[in-house]
2 protein chains.
Amino acid sequence: MAVAKTEDFTQEAVYLADVAKALSHPARIQILKILTEMDVCMCGDIVELLPLAQSTVSQHLKELKRVGLIQGDIEGPKVCYCINSSSLRKAYEHIQKLFNQLTKGGSNSCETKKK
Amino acid sequence: MAVAKTEDFTQEAVYLADVAKALSHPARIQILKILTEMDVCMCGDIVELLPLAQSTVSQHLKELKRVGLIQGDIEGPKVCYCINSSSLRKAYEHIQKLFNQLTKGGSNSCETKKK
DNA sequence: TTCCTTTATCGTATATTTACGATGAACGAT
DNA sequence: ATCGTTCATCGTAAATATACGATAAAGGAA
């Protein structure tokens with residue numbers, strides 16, 4: 001948000017928007033996939049799999065960590081990144097709740113609303 | 001993306017990121033809820049339910065329309081906005097696929113990866 | 001200690017997003 | 001034809017996001 005404050009919206013909407021923001025860049029989507037599908041966790045490994053500079057990947061990792069979707073365990077000079085399953089599950093539950101509400105709405109067609 | 005091109009990432013990641021971007025603002029989340037839960041469809045009605053100016057709400061509606069999550073039927077000087085159920089369902093399916101992949105990954109803990 | 005590796009952060013440039021007021025376009029009503 | 005309503009778009013300002021190279025910090029290895 002550039003100007004509007006978070007208090008102006010519902011807590012749930014602010015949370016969902018924040019999670020969505022973390023997922024709103026292809027690089028971050030792919031980083032999550034890389035962390036689950038490949039036996040890889042270091043920033044350097046991820047850099048090799050993406051067309052981005054190391055500093056940029058580090059920024060994306062920071063954003064994912066900010067919302068808690070991943071965590072980073074420091075191992076000497078290295079950092080082992082991995083999915084934070086509980087945060088991810090929590091996020092998924094909220095997303096499911098949202099979409100279930102949105103898709104359940106009986107008559108949403110414009111045809112029905114026009115009256 | 002500011003600089004990196006979309007061809008640098010997988011199509012699936014680009015699509016998911018695009019949907020996530022549309023959902024990455026609390027106002028847009030609430031607009032979707034308003035369109036499903038309340039018997040409301042006009043821009044002006046939505047403006048009254050949000051702490052934003054009419055032009056700003058119009059921009060948010062445009063962004064939701066861009067990714068196809070809503071549609072707008074013109075009725076004279078008015079526009080009746082509503083959820084586009086099929087696009088919404090498609091988006092949800094892709095999101096479910098993503099989260100199922102992300103949560104299914106057997107041993108993702110950093111503990112397991114460190115070796 | 002001195003190097004090497006790994007990652008975060010700084011500085012910076014550019015692009016995008018968000019917000020508002022003002023204006024214009026479309027159309028129904030008078 | 002004029003007025004009122006509704007909405008999109010324009011112009012603009014400020015904040016964020018994205019990307020890179022350069023540098024700093026942290027720690028293992030020589």
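**Ground rules.** I am working from a predicted model, where local features need pLDDT of at least 70, side-chain atom pairs count only at pLDDT 80 or more, and totals for chains, interfaces and linings use all residues. Residues are numbered from 1 along each chain as its sequence is written, while chains are lettered from A and ligands numbered from 1 in the order in which they are written.

**DNA strand D.** I looked up its surroundings and found 30 residues, taking a residue as near if its C-beta atom, placed from the backbone, lies within 6 Å. The closest are A:S55, B:A4, B:M42, B:G44 and B:S55. I sorted this surface by class and got 14 nonpolar, twelve polar and four charged residues (nonpolar is Ala, Val, Leu, Ile, Met, Phe, Trp, Tyr, Cys and Pro; charged is Asp, Glu, Lys and Arg; polar is the others, Gly among them). Helix α4(B) gives the largest share, six residues (helices are DSSP runs of H or I, at least four residues; strands are E runs, at least two; both are numbered from the N terminus).

**Chain A with chain B.** I checked the contact next (C-beta atoms, placed from the backbone, within 7 Å), and each chain puts in 46 residues. The chain B side has 25 nonpolar, eleven polar and ten charged residues.

**One helix pair.** I then followed α1(A) and α2(B), whose axes come within 8 Å and cross at roughly 120 degrees (axes are lines fitted to C-alpha atoms over the stretch in contact; angles run from 0 to 180 degrees between N-to-C directions). My list for this contact is A:A13, A:V14, A:L16 and A:A17 against B:P26, B:I29 and B:Q30.

Technical notes:
Two residues are in contact if their C-beta atoms, placed from the backbone, lie within 7 Å.
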